[in-house]
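Subject: Structure handover

Hello,

Here is the structure I promised to pass on. Please open it alongside this email; my notes follow below.

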Amino acid sequence: MNSIIKVLHKRSVITVFVIYAFLLVLLDVFGCFAYEKRSRLYDLAEDNVIISVKGKIISAPESVKNRKRFILKTNTVNGNILNEKIIVNSPAGYSISYGDIISIEGKLKKPFSSAFPLVFDYQKYLARNEIYTILDISSFEYIESNPNIIKNFAFKFQQDMINKIDAFFQRPCSDILKSLLIGDKSSLTHDTKNTFSDSGVMHILVVSGLHVWFIGAIALFVLKLTGLSLKKASLLSVPFVFFYVFATGANPPALRSAVMFACIFFSLALDREPLIYNSLALSALSILIFQPQQLFTASFQMSYGATIGIICFYNNIFNLFKEVKNKILRFFCGVLSVTISAQILLIPMCMYYFGKISIISFVTNIIVVPLVGTILYMGVFFYFLTFLFQYAAILCSDVLSIILNFVLLVTTTLGGLKYVTVIIQKPTILQLILFFIFLSSMLMFRGKKRFIISAIILLLNFLYVICPVMYNQNKIFFNVYQKNNIITLHIKDNNKNIFLLSNTGKYYDKYYIESFKQFISFSGIKNADILVVGFDKEKLFSDLANFSIHAVEISNKTDLKLDFNDKIILVDIPVKKLYIDNIEFEFEDVTSFYYDTKNKIFYDAM
């Protein structure tokens, strides 16, 4: 603890960041980032009326199925001045581009939100990026175009690269290169994404710190070749890095890395020691001042988690290979050390956010990551060759295609193996905190202190897991989840789980079923009996093939009786009431409570 205090005292930037991050957490806990408090349009989305909006397109329009999607920064809504970001869905036929100022009408709606806890929530994801509503266009009027010159040039540069890649490469190599080089994932197939995800190298398809540092190294190397000093080359390489980041869409991971790159290289230019922890804190602080909710995103946490892991653990892990003398083997040992040190902090985060980990990722990263640098360097070289020597560009594209096909072969082969991806129960935030405290104690303390403190933390984690199991042995849990026209009742008694899904609507909601499957996975439920009412049984049986399903036909006015260990539970789904032992409970959105079968007492489970 004393060492932490000394670091905070010595590194004022770190101290400011810790205090600011803590304040953001408190604001989030007390609901200051709630949708209705942050957005004036959020309540309008419930009225289902046509609204008139005037604003400026601030993103490059993206083609999605038979329509275009872009982000609009509003100037006026229904004639009233209002500045707020919204996602707009427009017909594919409209000619629109970044920087256009337009006047549109349409229906405002809320983003899709999951009915279940633990799972990915698209509405919350957008809210963390300060987008709270979606508008479907019914009428459109172009006014004028007023783009930012630099950003507009970057977008045109990106589109030109896309056109050149499509002209010289065949699919799927073109799809992978566009994603890897400039972050354009629009043409990637679902199977390709799953292959890269299962093999643990999905991160190379997202422009992030790895790509930014490779591009920064290219810029620094070229500038040094011109005879510039290290100071001048360091300063001049920063604009190239930011240009690349904007050209690839300025996604948060890339922007964070560019800010960190700038902090370190400004320190070099000023003859200051580039203190990495201060640089990390400064880059994080710079982002959070303008976008405070980024602190709560998986992208932000995993970017800094990977970087901190490499800083903290790389040297210790690489020292394990000090006996290796062969230069080629030492290179791969270095790649393995970087991968392991990053994964130490990333694995628990992957468990929390995705409910799975790839056990083959260490192998695929050793093979693929070194090739990412080669692909980036050759990709930049190829682009310039297209303006100078067409035949040389064709030769370069052929070599790149061989490398890309090899990457695809590795990811497909290793990602297609059985049991390479482990599905796990989602840990709680407290368990993650205990894990990080455990790692900190292993780094900070020596001798008996390290052993005693680590043992205490492990004991606390064990008690945290086992105590609720013991305490809830005589209790039945009832959780009710409702979204649109579907109501789900979850009944749990020790390790036995029963779900009742009732659909009173006309349509099959695939998104709801996908969220339901993810909820079961994240909850660690291995076996469950699922009773369904009002669903297309063939579709449901196909989507829930791994579970025991019982189709139950009941009319709208019929009570369904479930015999659960000699206890009768009566459910009247259509009127949104839950009857337990003839006691009536009404619910609206989400209800969670449990029933002590021994003492016949109901408790609030929240």
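In helix H11, the buried residues are Asn278, Ser279, Leu280, Ala281, Ser283, Ala284, Leu285, Ile287 and Leu288. Bear in mind that this is a predicted model. H11 runs over residues 276–290. Its 15 residues should span 21 Å at 1.5 Å a residue, and the end C-alpha atoms are 22 Å apart, so the two values agree.

Now the chain as a whole. It has 606 residues, and 45% of them count as buried. The secondary structure comes to 19 helices and 20 strands. Take the contacts with a separation of 6 or more: 64% of them join residues 24 or more positions apart. The accessible surface is about 32400 Å². Carbon and sulfur atoms hold 62% of that surface.

Next, the second largest pocket. About 480 Å³ of space lies in it. Its lining has 15 residues, and those closest to the centre are Phe157, Ile215, Phe240, Val380 and Phe384. Two or more lining residues come from each of H5, H6 (173–182), H8 (209–225), H9 (230–247) and H14 (361–388). H8 gives the largest share of the lining, five residues. What is the lining by class? It has 15 nonpolar residues, no polar ones and no charged ones.

H6: how many of its residues are buried? The count is 10 of 10, so H6 is largely enclosed by the rest of the structure. Glycine 183 follows H6, and its phi is positive, near 80°.

H9: the 18 residues should span 26 Å at 1.5 Å a residue. The end C-alpha atoms are 26 Å apart, so the length agrees. Its buried residues are Ala233, Ser234, Ser237, Val238, Val241, Tyr244, Val245 and Ala247. An α-helix has 3.6 residues a turn, so residues three or four places apart point the same way. That spacing can be followed in H9 from Ala233 to Ser237, then to Val241 and Val245, which are all buried.

H8: valine 212 sits in this helix. Its relative accessible area is 0%, so valine 212 is buried, the cut-off being under 20%. What does valine 212 touch, leaving aside neighbours within four places in sequence? Its contacts are Val241, Val245, Ala254, Ser257 and Ala258. Val241 and Val245 are also on the list of buried residues in H9. Valine 212 and valine 245 are 33 residues apart in sequence, with 7.5 Å between their C-alpha atoms.

H5: this helix covers residues 149–168 and holds asparagine 152. Is asparagine 152 buried or exposed? Its relative accessibility is 18%, so asparagine 152 counts as buried, again because the cut-off is under 20%. Beyond residues up to four places away in sequence, asparagine 152 touches Tyr98 and Pro147. The C-alpha atoms of asparagine 152 and phenylalanine 246 are separated by 9.5 Å, and the two residues are 94 apart along the chain.

That is the handover.

Best wishes

Definitions and conventions
Residues are numbered from 1 along each chain as its sequence is written. This is a predicted model: local features need pLDDT of at least 70, side-chain atom pairs count only at pLDDT 80 or more; totals for chains, interfaces and linings use all residues. Side-chain values use heavy atoms; hydrogens and water are left out. Helices (H or I, at least four residues) and strands (E, at least two) are DSSP runs, numbered from the N terminus. Buried means under 20% relative accessible area, exposed over 50%, partly exposed in between (1.4 Å probe, protein chains only). Contact means heavy atoms within 4.5 Å. On a 1 Å grid over the protein atoms alone, a cavity is a set of points where a 1.4 Å probe fits but cannot get out, and a pocket is an open set with protein on both sides within 12 Å along at least five of seven lines; lining residues have an atom within 4 Å of a point. Grid points are joined across faces, edges and corners, and a volume is the space filled by probe spheres set on the points. Ala, Val, Leu, Ile, Met, Phe, Trp, Tyr, Cys and Pro count as nonpolar, Asp, Glu, Lys and Arg as charged, and the others, Gly among them, as polar. The expected span of a helix is 1.5 Å times one less than its number of residues. Accessible areas come from the Shrake-Rupley method with a 1.4 Å probe; for residues, only the protein chains shown count as cover.
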